Number of protein chains: 2
Amino acid sequence: MATARIVDVGRFVDQDVEVSGWLQARRSSGRLHFLIVRDGSGSIQGIVSARDVDPGLFALAGRIGQESSLRISGHVRADSRAPGGFEMTVSGLTVIHEAHEYPITPKDHGVDFLMSNRHLWLRSSRQQAIMRIRARIIGAIRGFLDSEGFTVIDSPILTGNAAEGTTTLFSTQYFDQTAYLSQSGQLYVEAAAMALGRVYCFGPTFRAEKSKTRRHLTEFWMVEPEMAFFDLDDSMALQERLITHIVATVLDRNGDDLAVLERDTTALERVTPPFPRITYDDAIEKLRALGEEITWGDDFGGGHETVIASEFDRPLFVHRYPSSIKAFYMKADPARPELALCADLLAPEGYGEIIGGSQRIDDLALLEHRIDEHGLSREQFDWYLDLRRYGSVPHSGFGLGIERTVAWICGLHHLRETIPFARTLDRLYP
Amino acid sequence: MATARIVDVGRFVDQDVEVSGWLQARRSSGRLHFLIVRDGSGSIQGIVSARDVDPGLFALAGRIGQESSLRISGHVRADSRAPGGFEMTVSGLTVIHEAHEYPITPKDHGVDFLMSNRHLWLRSSRQQAIMRIRARIIGAIRGFLDSEGFTVIDSPILTGNAAEGTTTLFSTQYFDQTAYLSQSGQLYVEAAAMALGRVYCFGPTFRAEKSKTRRHLTEFWMVEPEMAFFDLDDSMALQERLITHIVATVLDRNGDDLAVLERDTTALERVTPPFPRITYDDAIEKLRALGEEITWGDDFGGGHETVIASEFDRPLFVHRYPSSIKAFYMKADPARPELALCADLLAPEGYGEIIGGSQRIDDLALLEHRIDEHGLSREQFDWYLDLRRYGSVPHSGFGLGIERTVAWICGLHHLRETIPFARTLDRLYP
């Protein structure tokens with residue numbers, strides 16, 4: 001008999017086939033057992049009828065516990081009411097490994113319990129859907145950038161210089177030196193952009209922040225594109241196309257997963273260019289008009305981001321923040337030197353900042369001055385300064401946070417479900 | 001005037017166009033300067049003739065230093081002798097930033113000097129070619145696995161358990177706990193395979209090894225696919241198709257880069273299925289016949305790998321090593337329980353092991369016993385043991401080292417050139 005992954009069962013309508021997987025759920029009704037079997041590629045309902053199978057097999061089908069692994073064989077029928085469109089009349093059932101008292105049941109569990117059992121929780125339909133959408137987002141980003149002529153450049157995790165102070169860095173003994181875990185690959189992709197033009201790094205980044213908010217993880221993934229000869233406007237236009245592509249790809253390919261998550265897709269369908277762009281000045285004015293206590297020169301909190309983004313129905317660029325609240329390497333706006341040529345992209349529906357980006361300082365003396373101003377060491381940045389010594393060019397880049405993007409697209413309140421094994425202040429297990 | 005990336009200049013034959021980039025090299029001959037300009041997408045020769053441009057511009061073209069950034073404009077001509085197939089008769093030249101005394105010149109430099117200037121060295125043709133091939137390999141792996149129904153699952157870097165002892169692990173203070181930098185995501189992808197069937201992680205891994213060989217980095221990238229319901233043979237067949245796909249993709253898309261590296265591509269063209277498969281037993285016998293000093297039960301050194309692989313003209317599987325020299329989680333061969341159901345894939349031409357893989361133990365009691373035997377803690381592995389408590393299934397997986405694969409395909413002796421910013425025993429900068 002042919003074997004198939006559940007996603008391919010449709011090729012075997014009116015034929016016999018065997019599938020292997022796990023017992024996701026069972027419903028029984030007198031002389032019928034309905035087994036929902038999943039194998040990671042999909043789920044299918046297998047109908048075991050006392051009329052068709054011998055009593056031992058029928059009893060077995062009614063007894064085995066949730067998450068037992070098994071093989072079922074039988075006749076495939078198209079049924080538009082069935083999830084996936086097909087079901088199977090079971091004629092054979094082999095239990096591979098019987099599970100007893102699987103810890104995660106359909107009843108409610110506390111979040112801490114679920115996080116401690118993350119290795120099992122991943123099997124639930126919701127968590128599978130999130131992981132599939134996360135994978136789709138990652139694939140869409142890489143596919144988009146590769147098709148735009150970018151070269152992926154993996155920046156190092158272990159770095160010798162504690163670029164902007166050590167307070168939020170994890171450190172490790174590196175033989176007879178101290179190394180820090182990277183918070184950003186930006187400085188390295190700037191170097192690579194001078195070699196390859198358009199590059200990106202895509203990897204884990206680390207922040208030793210003692211915060212317990214739903215918007216922070218200590219280990220999170222970020223994609224950081226960097227483009228030679230791009231100004232801020234070029235970069236924002238690229239971001240707009242990237243975000244539009246990601247959302248369109250998920251809507252196109254992961255409709256079933258979004259349905260499992262009960263995500264309102266109309267909000268996602270509105271994500272089309274152009275995205276609104278407002279200045280920091282205007283954002284402050286708008287926030288004050290909306291009754292928020294904020295003064296020009298303040299950075300936004302998560303609450304401010306939610307309030308301002310709620311005024312728009314699609315992602316919102318806020319650009320030209322005061323340089324004083326932004327990183328040392330950002331180029332000043334020639335028209336108003338107290339402002340940085342930077343932009344954050346705020347997701348709609350209260351999901352906060354998903355991108356931060358800027359045009360970089362390309363003048364050596366100015367960058368040296370900013371390094372001094374920020375109390376940083378020129379020596380540690382010597383290699384980075386080389387990029388302004390030898391063929392400096394206008395360039396821009398940005399960082400897109402994967403987990404925040406997954407949270408927004410999946411409609412999840414908390415980042416902990418957006419990554420396979422979340423790391424937070426008090427969680428390092430499993 | 002239109003602007004173009006150099007890769008797209010062919011669309012502007014017999015038209016005027018402007019390109020921006022860096023001065024890679026210059027050759028002068030009387031009243032002609034030949035400027036090789038690169039922008040990361042490609043290189044083009046711009047011909048500056050004293051007949052066509054004013055004397056100031058001609059003098060500038062003859063004076064600016066290597067790696068100066070500039071814009072040139074002019075008329076595009078097809079010329080089959082030119083690298084890339086096109087050249088440009090320059091009518092305009094703007095220097096963006098003049099570089100003086102660029103440290104890396106066409107003369108020979110020591111490796112240590114080049115590694116210390118890695119941020120600049122990346123601009124050389126060879127290093128660009130390597131980075132483009134590395135990016136292609138990464139894209140080919142992800143594309144292949146995604147098309148085979150795999151879901152990417154990013155395993156955590158920070159882990160609470162020091163799986164196989166702490167001697168080769170980097171550690172960090174994680175608030176009031178100790179965390180270790182991951183050497184492998186395998187245990188995590190095993191959990192995810194029970195949820196999603198076919199998964200892989202793809203990220204940096206770390207090994208605090210005090211070795212200074214050309215085959216070791218302290219930070220390196222690995223892809224680790226894990227497949228439920230795959231036995232060792234299924235896994236080897238998948239590896240064979242993956243490696244074939246990678247090599248074919250690079251041959252198809254990166255011919256120019258392989259030419260820059262002067263790679264003998266005939267050796268790569270032989271990489272087609274089936275790959276030879278020999279047992280560890282046979283490998284030992286063959287090695288002894290070839291005069292190597294090795295006894296049954298010994299692990300292979302790099303030298304042994306080279307000797308045995310040289311007997312074959314394509315990648316070679318060596319399977320069923322003694323369990324005693326392999327990891328605790330490998331399933332025993334039922335036919336000969338002293339052997340593990342494992343296989344290493346050795347690259348041809350002396351590039352050594354690029355894949356290690358195995359079928360995993362799926363029996364709870366047996367796995368507990370192996371954990372005890374290896375002096376490991378059952379408590380630390382409790383979550384991993386859960387995978388054998390609840391719906392255990394036969395499953396297999398493997399790890400492919402990216403840098404070793406890049407070294408083999410590019411024909412590089414040393415791993416340090418296969419990653420943008422290599423980390424070795426004594427190198428953490430830049």
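Q: What conventions and what kind of model apply here?
A: This is a predicted model, in which local features need pLDDT of at least 70 and side-chain atom pairs count only at pLDDT 80 or more, while totals for chains, interfaces and linings use all residues. Residues are numbered from 1 along each chain as its sequence is written, chains are lettered from A and ligands numbered from 1 in the order in which they are written, and side-chain values use heavy atoms, with hydrogens and water left out.

Q: How many helices and strands does chain A have?
A: Chain A has 13 helices and 19 strands. These are DSSP runs numbered from the N terminus, with helices being H or I of at least four residues and strands being E of at least two.

Q: What are the dimensions of chain A, and what share is buried?
A: The C-alpha trace of chain A spans about 85 × 55 × 40 Å along its principal axes. Of its 430 residues, 58% are buried; buried means under 20% relative accessible area, exposed over 50%, and partly exposed in between, using a 1.4 Å probe and protein chains only.

Q: And the charges on chain A?
A: There are 46 positive and 60 negative side chains, and the centres of the two sets lie 6 Å apart. Lys and Arg count as positive and Asp and Glu as negative, whereas His and the chain ends are not counted. Each charge is placed at NZ of Lys, CZ of Arg, CG of Asp or CD of Glu.

Q: Changing topic: where is A:Q45, and is it buried or exposed?
A: A:Q45 lies in strand 4 of chain A, residues 43-49. It counts as buried because its relative accessibility is 13%. Strand 4 of chain A is itself mostly covered, with 6 of its 7 residues buried.

Q: Which strands pair with strand 4 of chain A?
A: Strand 3 of chain A (residues 32-38) runs antiparallel to strand 4 of chain A and is joined to it by 7 bridges; pairing requires that DSSP find at least two bridges between the strands. Strand 6 of chain A (residues 86-97) pairs with strand 4 of chain A in the parallel sense over 3 bridges.

Q: What does A:Q45 stand opposite in strand 6 of chain A?
A: A:Q45 stands opposite A:E87. The side chains of A:Q45 and A:E87 also make a polar contact at 3.2 Å, that is, a pair of N or O atoms within 3.5 Å, where within protein one must be able to donate a hydrogen and the other to accept it, and residues adjacent in sequence count only if both atoms are side-chain atoms.

Q: What about the turn between strands 3 and 4 of chain A?
A: The two strands form a hairpin with 4 residues between them, and A:G40 takes a positive phi near 95°.

Q: Now chain B: why is strand 17 described as largely enclosed?
A: All 6 of the 6 residues of strand 17 of chain B (residues 342-347) are buried, so the strand is largely enclosed by the rest of the structure. B:C342, B:D344 and B:L346 point one way, and B:A343, B:L345 and B:A347 the other way.
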